[in-house]
Amino acid sequence: VQRKRANPWGLYDMLGNVLEWCQDHWHDHYEGAPDDGLAWEDSAADTSAGRVLRGGSWSSYARYVRAAYRYAILPGSRNVSLGFRCARVRS
């Protein structure tokens, strides 16, 4: 931990542990995506709508261990290399 510089939010080692399960609904493109940092959720989507996975995991090839790498996954999917990152917001 902390062998590289922290990101702008002060977090270290963000990539390569697990594929991060994101709040965003899956979209094939970024057209219409929010530009304020909020999750891109579709209010009309049902609970089985695909979500975004980002980054790579301990079992990924190196080229996939980057935040720009993403793909869709269904909510009921399970895998040993999936996870999520807990973040605390200071008020």
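**Note on pockets, sheet and rings**

1. Sixteen lining residues surround the second largest pocket, and Asp24, Gly37, Leu38, Ala39 and Arg54 are the ones nearest its centre. Two elements, E1 and strand E2 (51-54), each give two or more residues to this lining. E1 gives the most, with five residues. The volume is about 480 Å³. By class, the lining of the second largest pocket holds nine nonpolar, four polar and three charged residues.

2. Basis of the note. This is a predicted model, where local features need pLDDT of at least 70 and side-chain atom pairs count only at pLDDT 80 or more, while totals for chains, interfaces and linings use all residues. Residues are numbered from 1 along each chain as its sequence is written, and side-chain values use heavy atoms, with hydrogens and water left out.

3. Terms for the pockets. A pocket is an open set of points on a 1 Å grid over the protein atoms alone, where a 1.4 Å probe fits, with protein on both sides within 12 Å along at least five of seven lines; lining residues have an atom within 4 Å of a point. Volume is the space filled by probe spheres set on the points. Nonpolar covers Ala, Val, Leu, Ile, Met, Phe, Trp, Tyr, Cys and Pro; charged covers Asp, Glu, Lys and Arg; the others, Gly among them, are polar.

4. The largest pocket has a volume of about 700 Å³. Its lining has 18 residues, with Trp9, Leu11, Met14, Arg85 and Ala87 nearest the centre. Strand E1 (residues 19-25) gives the most here too, with three residues. The lining of the largest pocket splits into 11 nonpolar, two polar and five charged residues.

5. The sheet is open. Pairing requires at least two DSSP bridges between two strands.

6. E1 and E4 pair in the parallel sense over two bridges. On the E2 side, E1 runs antiparallel and is joined by three bridges. There, glutamate 20 stands opposite arginine 54.

7. Is histidine 25 buried or exposed? Histidine 25 belongs to strand E1 and counts as buried because its relative accessibility is 6%. The cut-offs are under 20% relative accessible area for buried, over 50% for exposed and in between for partly exposed (1.4 Å probe, protein chains only).

8. The whole structure has three aromatic pairs. Tyrosine 64 and tyrosine 69 form a tilted one, at 4.6 Å centre to centre and 40 degrees between the planes. Ring centres of Phe, Tyr and Trp (its six-membered ring) must lie within 6.5 Å; planes under 30 degrees apart are stacked, over 60 edge-to-face, the rest tilted. Tyrosine 64 is partly exposed at 27%, and tyrosine 69 is partly exposed at 22%. Ring pairs link Tyr61, Tyr64, Tyr69 and Tyr71 into a cluster.

9. Charges over rings. The charged end of arginine 63 sits over the ring of tyrosine 61, 5.3 Å from its centre. Arginine 70 lies over the face of tryptophan 26, 4.3 Å from the ring centre. The criterion is NZ of Lys or CZ of Arg within 6 Å of the ring centre and within 35 degrees of the ring normal.

Technical notes: Helices (H or I, at least four residues) and strands (E, at least two) are DSSP runs, numbered from the N terminus.
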